Amino acid sequence: MTKACLHCGDPVPSLSEGGDGFCCKGCEGAYNLINGLGLKTYYERRTIDPEIKALRPDEDGAMINYRAHIIEEEDATKTLYLMVEGIHCAACVWLIETALAKQDGVLQARVNMSTRRLVLKWRGDDIDPNELVGTINALGYRLVPFDPCLLNSENQKSEKELLRALAVAGFATANVMLFSVSVWAGYSQGMMESTRDLMHWLSALVAMPAVAYAGRPFFRSALTALKSGRTNMDVPISLAVILTAAMSLVQVINSEEHVYFDSSISLLFFLLIGRYLDRRARGRARGAAEHLLGLNAVAVSVLLDDGTQSLLPPDQVKDGMTVLSTAGERIAVDGVIVDGQSDIDTSLISGESVPVTVKTDDRVFAGTTNLSGALKIKVTATGESTLLAEIVRLMEEAEAGRAKYVAIADRVAQQYGPVVNVLALGTFLFWFFIAGAAWHEALLTAVAVLIITCPCALALAVPVVQVIASGRLMRQGILVKTGTALERLAQVKHVVFDKTGTLTQGRAELVNRTEIDDEAVMLAASIAAASKHPLSRALCRAVGRVSVKSGVQEISGNGLAWQDVRLGSRNWCGDEAAPLSAGPELWLNQPDKAPICFRFEDNLRRDAQDVITQLKAQGYGLHLLSGDRTEPVRKVAEDLAIDDWKAQCTPKAKCDALEKLDHPLMVGDGLNDAPALAAAHVSLSPSTAIDVSQTAADAVFQGDRLRPVIEALGVAKKAEILVKQNFALAFIYNGVTIPLAVAGYVTPLIAAVAMSTSSLVVIANALRLSRGKL
Amino acid sequence: MESLLYLIPAMLFLGGLGLAGFLWALRSGQYDDMEGNASRILFDDDDKPLPAPEEEKKK
């Protein structure tokens, strides 16, 4: 039986470079580091979950110069804000914090487990941040700096404001309700008028400031809407809350029997719950999406004038700088090659699956991957580049169109608001002029109509369903970023896929493993393990863990050499006469033996076939739009039985094709998909997508599978049904209570009961979405 | 009924105390990381309290 690695628990391969107890050098290093810091209890603390393994340090991960991100304060403390990848349990938090706190000069190291962010503060000029952070890197976590001012601080602020308002409203509701219950009890037991008035005055004392404070989010939004000549859900809400509170105050002063402070404040309380949950769910999804994006950002190694290299974040790289790009790296800048020759994978930009050869004076774009040789690239402004400029322009056009979509809640409010207001006005006029009531009695009845019709259930109908739906999707790794995405998903009639990276995995896989004898595969893999080239990586993936051969030479543009054995391109060490294969290939050339060909292909995602079949069965129109050449696109389309496909699409052609479809859902990942993602009725993108596309998409899904597309559509459909049911429930309730209110029969007690029950019914209905099958 | 005269103020005071406590906790960042704090209590070493967030210090 093989032994398990002391650090990560993987089986230890024979002749492991990490020695007897470890599977690799990285694990050995991490183990010794943890031991050396006296933090061995980590291994007892961590949750032993068979699915989750301790991280294996990635020795060739790009090093980042953290110095550039230090924020210095007046009292000489220095702060770094970092995103951490790889935290999966509290033991990780403990390990990171304690390992950092043990270093000299560190004042504070605090990991936020919910947002996966680390705040590191230290004092002293002689401390090298790269060394500090290097400790954590050596443990296998990946840390990426971020700017705390840029990342969702706006969102957090409004979330906190809502929570404060919610707390105040909750406090006031509970207390005012207590007074109200005593007054209601007093109806039957004969409360003295003076006691009742005292209760009312106390209610006013608590409720008035609370309404003024907790209602601000609604009042502000209502004002903005009114100023621009629209109405939204917040207009009737604000009107009802303010009128009710003001009217009740007048009642108290006149020592009247009925006051509605409890309705006013509990209405706010219920609505704030809905709004807070909504904001929080959205904020978490957006935060997680930003986290993914931040982790994708890599450092750029810049060649300075004095010949030294320095690592900079991409946004600090200026025009005219010279950037180095090594094999296997994603190119982070747009520019012109000044030195070097290489193959680049442009699939994220154009959808093209076969690498393009580039040499000096060729242009390269950010987002492409450098496959074989080292390049020196001179940065040119992104604005000049025709491709990016074109894509940005197309996206702006597309986004303007989408902004026209109005959320269903607002559409209802636009119809409903005026009706309610007219009804209340009519009630007042009827009682005042026709029934001859005193003006304040007529006004009271009118206010009762406003309270009873106030869209409490109506305003909760949509957000509660959305919160539960996006929570359910988030558990499955689907991050819904925009508020109306679910509504729009439910209307989808056609699903349009991109090919490379969406239907396919977007990376090469070895396809002829079975044709090659084991010995050769192992030899090739152990040579390939020394290289970062994507094909070498794919070869190693196909084999599993192998020990690396030492003394492997990388010969730029050709391949790898180890002693007499060569592994590389066809014209360097392959058989020129052999028939060409469809995808990229690697050749293994051993002395005195025939060269062996390793063929690679970009395979379909494992469940692509199932997903397409299911989507078809559900009646969606399926389409494939790719920037790739006709042959590979035809093959994928035929394999998956997608009838409508189009190859060699430009970004503009993709947008045009979408325009002809009725409510299309676009699923894509490349830069060439970005305008289409923005133009489609609604869009999804995998988390491996290029950052522009992830930003343009309404939702991002994680993982290797395509199944999230079905899941998202299913949840959205179900959510739409529930929203409609909720509206129906709210309208039925209004149908019963409005006549009572107009007739003047609604006392504060009835109003409170009616409002709470209708809200609870709506929430209970929405909860049905949280579990169970779709 | 005289009992109301001190019961009601007492009730409002206690309720207000709870509200103030919550607002303070929110302000001092104790609601920023619900997930982490839930597990943090299980660490048995000494855990220093959070320093006040940046904005508060400047005020």
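What follows is a chat about a predicted model with chains A and B.

Biologist: Before we start, what kind of model is this, and how are things numbered?

Modeller: It's a predicted model, where local features need pLDDT of at least 70 and side-chain atom pairs count only at pLDDT 80 or more, while totals for chains, interfaces and linings use all residues. Residues are numbered from 1 along each chain as its sequence is written, and chains are lettered from A and ligands numbered from 1 in the order in which they are written.

Biologist: How many residues of domain 2 are in contact with domain 3 of chain A?

Modeller: On the domain 2 side there are 8 residues, in contact with 13 residues of domain 3 of chain A. Contact means that the C-beta atoms of two residues, placed from the backbone, lie within 7 Å. The domain 2 side divides into 2 nonpolar, 5 polar and 1 charged. For those classes, Ala, Val, Leu, Ile, Met, Phe, Trp, Tyr, Cys and Pro count as nonpolar, Asp, Glu, Lys and Arg as charged, and the others, Gly among them, as polar.

Biologist: Now sheets. What's the strand order in the open sheet of 7 strands?

Modeller: In chain A the order is 15-27-26-25-16-23-24, with mixed pairing. Strands here are DSSP runs of E with at least two residues, helices are runs of H or I with at least four, and both are numbered from the N terminus. Two strands pair if DSSP finds at least two bridges between them.

Biologist: Which strands are at the edges?

Modeller: Strand 15 (478-480) and strand 24 (644-646) of chain A, each pairing on one side only. Inside the sheet, strand 16 (residues 494-497) and strand 23 (residues 621-625) of chain A pair in the parallel sense over 4 bridges. In that pairing, Gly621(A) of strand 23 is the bridge partner of His494(A).

Biologist: And what does helix 25 of chain A lie across?

Modeller: Helix 25 (residues 708-742) lies across strand 15, strand 25 (664-667), strand 26 (682-686) and strand 27 (699-701) of chain A, at about 45 degrees to strand 15. Axes are lines fitted to C-alpha atoms, for helices over the stretch in contact, and angles run from 0 to 180 degrees between N-to-C directions.

Biologist: How do helix 13 and helix 25 of chain A cross?

Modeller: The axes of helix 13 (residues 439-453) and helix 25 of chain A come within 8 Å and cross at roughly 170 degrees. That makes helix 13 of chain A roughly antiparallel to helix 25 of chain A, since the label covers angles over 145 degrees, while under 35 is roughly parallel, 65 to 115 roughly perpendicular and the rest oblique. The contact has 6 nonpolar, 3 polar and no charged residues.

Biologist: Where does Ala641(A) lie?

Modeller: In the loop between helix 21 (630-640) and strand 24 of chain A. Ala641(A) counts as exposed because it has 11 C-beta neighbours inside 10 Å.

Biologist: What about chain B, how many helices and strands?

Modeller: Chain B comes to 3 helices and 0 strands, and buried residues make up 0% of its 59 residues.

Biologist: How many residues does each chain put into the contact?

Modeller: Chain B gives 17 residues and chain A gives 18. The largest share of the chain B side, 7 residues, comes from helix 1 of chain B. By class, that side has 11 nonpolar, 3 polar and 3 charged residues.

Technical notes: Buried ≥ 20, exposed ≤ 12 C-beta atoms within 10 Å, placed from the backbone.
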